[in-house]
Number of protein chains: 2
Amino acid sequence: MRGLMQDRPLTIPTLLSRVETQFGHKRIITGGTTETVATWRAVAPRVRRLVRALESLGVPAGACVGTFAWNSQRHVELYLGIPSSGRILHTVNHRLYREQIRFIVNDAADDVLFVDRTILPVIWPLVASFDSVRHVIVMDDGGDMPLPDDPRVLDYEELLAGQADGPLETVIEDENLAASLCYTSGTTGDPKGVLYSHRSIVLHSLLLLGADVFALSERDVVAPIVPMFHVNAWGLPYAAMQSGSDLVLPGPLRAPEELVSLLSRHRVTFSAGVATVWRDLVPVLGGHDLSSLRHIACGGGAVDDALSGAYQRAVGIPLINAWGMTETSPVVTTSRLATHHDGLDGEARRLLLGSPGPAVPLTEIRVVADDGVEQPRDGQSQGELQVAGPTIASAYVGSDAGADAFTADGWLRTGDVATIDAWGYLRIVDRSKDLVKSGGEWISSVALENAVLSDPRVREAAVIGVTHPRWGERPVACVVPSEGVNLTPDDVRAYLRGRVASWWIPERVEMMTEIPKTATGKWSKQKLRQRFADTATEED
Amino acid sequence: MRGLMQDRPLTIPTLLSRVETQFGHKRIITGGTTETVATWRAVAPRVRRLVRALESLGVPAGACVGTFAWNSQRHVELYLGIPSSGRILHTVNHRLYREQIRFIVNDAADDVLFVDRTILPVIWPLVASFDSVRHVIVMDDGGDMPLPDDPRVLDYEELLAGQADGPLETVIEDENLAASLCYTSGTTGDPKGVLYSHRSIVLHSLLLLGADVFALSERDVVAPIVPMFHVNAWGLPYAAMQSGSDLVLPGPLRAPEELVSLLSRHRVTFSAGVATVWRDLVPVLGGHDLSSLRHIACGGGAVDDALSGAYQRAVGIPLINAWGMTETSPVVTTSRLATHHDGLDGEARRLLLGSPGPAVPLTEIRVVADDGVEQPRDGQSQGELQVAGPTIASAYVGSDAGADAFTADGWLRTGDVATIDAWGYLRIVDRSKDLVKSGGEWISSVALENAVLSDPRVREAAVIGVTHPRWGERPVACVVPSEGVNLTPDDVRAYLRGRVASWWIPERVEMMTEIPKTATGKWSKQKLRQRFADTATEED
Ligand SMILES: Nc1ncnc2c1ncn2[C@@H]1O[C@H](COP(=O)(O)O)[C@@H](O)[C@H]1O
């Protein structure tokens, strides 16, 4: 027998209705050359005009709508309007290599693109190669590129101004409908699309309100530094709509001084970003009052304790780690001091908060050895971390892309090597996937190796990641020149220029006569890592 | 297009798995003549044995399993085991009038009953009239009634001991499956069944973790005083499984001194109950250290400020109101101080926390005037409170019972008269349903009037509710004797004895020569209320 409860789907339009009826006075502040402040009361009608604009542009129902945008009020409008209209919000990272951007836009078949004017110089040159894009709607965030004289180009504000006010007409009846799309290059091969549903986004937003997760409240002022083109900025904009927190968004601001000033002036209480961002801010923390901060979330990689200690001293609180992936919405774990940690001293507490922590509700984690056997939760036994739950991907977009990332029983294989202790606390010990995470973004070792090997002067090449004080990790290329060739690290770097994104190019290229092999004759990346791990250069 | 997220249903077995893998060390403490302490690690295998026991007893899939039990570890086992087995947990309030209990058990067609031994004396005499019940499983909580020598009677511990250990075999695939059932007499006519689904229970449990709701955390020690036979004890046992809070359950304890001692000894941080309970504890607060309490939730009726002030003085915190109904899982609103309240002084803050507050996520509220027009959210305009959301009932059990409680667009009509302010804060101003809420339990004015009128010596009778310092409300019977009859209040009370539950019998019977009428000739309960409201007696 079915229960007799109302069949109210978990959908993004319910968030719009919530902010409007309960939090109309709460604010979205966007940094930039001119800072803007808007209330939900002012934003909600704009969202509805946006929905009408998508209709008037003839964007087909269910089509993807691409965004190339910073964290801003307008991007929040797109976060609400596109999924509420029954179309798919497709956020794209404009910092990817142009080949990847081209692949992603074409793979998703984006019908129209919304682009911040400061990002337009990166995107406009690629538009000719976007097969499906019919319009580029420019959002003027103070960029100075003149608008191309092209009928496809429209201005966001003019587009909204041209629409009538009125209620939302579309109704999302099925909470499992696709709402938003984000590609990850955190796997081998081409970037792969992760397709979130209305349901997964709403469930994830509830999880972030939990007292033991981010405890977001109406009293919070939430500043997602993590970009809105990356896993919905960890779902924080949607969570802030549930909690009614003010949102402080940096817009195109990037300079540490500007970011810290934003956090300080608006009395931000909760912020989230990757370690590289937090590291960049350290030198300027001193000059600002950051006493309002109660929680600094640091995810997308390990928290290094020296960095966390710097925050403890300068701001009075350590960094708090969270573990997640594009495929996991993303928050799967976040750390907290549980009752059984009560005996720990200050440093041990900081270390604990700097590790991933236990799984949030609804989500299950396990570590599985190579032979497929689930490992005991003893804090010692290692295996691949696998994840299951309603906010976790079941597949990538496309027939069978990356099918090997999912187990027979439907869990996501993360490619991270981990332990879990008796209290469910996760620790990441290694990464089995062939990737380097630099400044929060992925570099595929395999793709980089292939680029190096495409040089006829190279016989063997292996790329490993080594920890790096600023970027978290950086690639090191180990290169064996072809017989009789005289090759220098600079030659290798010069060859790579233009063949891969500039930030992929390794500062460090190690010339060798042979790459160490495993018993089965494969390159032993483990031996390479052992050899180069603790000698990372600091040049950047 | 559908999103590509894992199809993991929101079900009660996921809670069992969560407490076992993450919170195996956390505790359920049950008060009683002997206090018991068990960890989830010890409870989880018992839950699985219970599931096997239901199989071995041949309880049909989807059947209702009744419970007559206090708040206890065993009741928690039933909360997990019955729904996890694909059967329906049917909690029954043993304090209802026996006719109601009989109606409820037969209407639900309970297949077996689980009964605390201290409650057996109330239930056993009724068993002959329960048409569908095949077994009565007695849970020995220190009661002294000898077990009836009857093949239908089984002992809970023997039943579990007779089962093998092993994994759960049933899998709940559809989250919309019925999980639990609770009858409400908060409507006119016969009690009506509200049928919760796995989905609604899991969603509601997540809501309670929210920072602005109850903020339940692993660090909390949660003591639901509100009974587990009433709306799943506000969903607190399930929420504590999500958060990993310790649970402190009073078992059969009722004496104020025992309850306060329980809260104090176990350093309870969060507790919930109705005003009558909190009022009873006031005299004994002084002798105990209650400094661990961070949140005292008071629901099911208004918070009176004198009571809240007494807690403020004795414990250091006020009572925090919550609004809900059996039909709403129950928590729809709970109060909190938002940023726009920052200017308020201490007393104004306490008053605010003593009113219902804003709606929790996922849930919508509106007030609608008699003409069907939604009223403005101005804190002034009154109308009937209506509620919508995935944790709100869409119907009662049974073909068309109480269909008028739902609007054409699927909202629940609450029968409460309310206002909502610009920030979404709810205030209850009156009740349009003809009911009196005494000590958290309903008395039907109409049923009581009919009982009085069945006496041939009575010509007219009207029952109203007046506020009462201990019980919240008590009924007052206004009685016009038949021509020439000399009738006293004591005669009326004597006549009612045996015809209604003893706690329905009004302390106060007003003899009158005529009942005031409205313009249309109906009894004007409003005039009666005005006349008797502020002269409530304190005798009880
Ligand atoms: N916070 C509250 N303030 C005033 N009345 C309340 C409150 N909470 C519950 N009630 C009353 O209790 C009813 C629900 O009763 P029940 O279904 O027995 O839990 C509501 O419809 C209200 O009439």
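Reader: Where is P330(A) placed in chain A?

Author: P330(A) sits in a loop of chain A, between β14 (319–324) and β15 (331–334). Keep in mind that this is a predicted model.

Reader: What kind of peptide bond leads from S329(A) to P330(A), cis or trans?

Author: That bond is cis, with omega near 0°.

Reader: And in chain B, what joins S329(B) and P330(B)?

Author: A cis peptide bond again, with omega about 0°. P330(B) lies in the loop between β14 and β15 (331–334) of chain B.

Reader: How many residues are in contact?

Author: 75 residues of chain B are in contact with 75 residues of chain A. The two chains bury about 5600 Å² between them. Carbon and sulfur atoms hold 50% of that area.

Reader: Which three residues supply more of chain B's buried area than any other three?

Author: L4(B), M5(B) and Q6(B). They supply 14% of the area that chain B buries against chain A.

Reader: Now the ligand. What surrounds it?

Author: 19 residues do. The closest are T326(B), D416(B), K433(B), K437(B) and W442(B). By class, the shell has six nonpolar, eight polar and five charged residues.

Reader: Which atoms of the ligand pair up with D416(B) and W442(B)?

Author: For D416(B), an oxygen atom of the ligand is 2.7 Å from a side-chain N or O atom. For W442(B), an oxygen atom of the ligand is likewise 2.7 Å from an N or O atom in the side chain. G300(B) uses its backbone: an N or O atom there lies 3.3 Å from a ligand nitrogen.

Reader: How much of the ligand does the protein bury?

Author: 95% of the 500 Å² that the ligand exposes when taken alone.

Reader: Which elements give two or more residues to the shell?

Author: β14 (319–324), β18 (412–420) and β19 (426–431) of chain B. The largest share, four residues, comes from β14(B).

Definitions and conventions
Residues are numbered from 1 along each chain as its sequence is written. Chains are lettered from A and ligands numbered from 1 in the order in which they are written. This is a predicted model: local features need pLDDT of at least 70, side-chain atom pairs count only at pLDDT 80 or more; totals for chains, interfaces and linings use all residues. Side-chain values use heavy atoms; hydrogens and water are left out. A residue is near a molecule or strand if one of its heavy atoms lies within 4 Å of it. A polar contact is a pair of N or O atoms within 3.5 Å; within protein, one must be able to donate a hydrogen and the other to accept it, and residues adjacent in sequence count only if both atoms are side-chain atoms. Accessible areas come from the Shrake-Rupley method with a 1.4 Å probe; for residues, only the protein chains shown count as cover. Ala, Val, Leu, Ile, Met, Phe, Trp, Tyr, Cys and Pro count as nonpolar, Asp, Glu, Lys and Arg as charged, and the others, Gly among them, as polar. Contact means heavy atoms within 4.5 Å. Buried area is the accessible area (1.4 Å probe) that two parts lose on being put together, summed over both.
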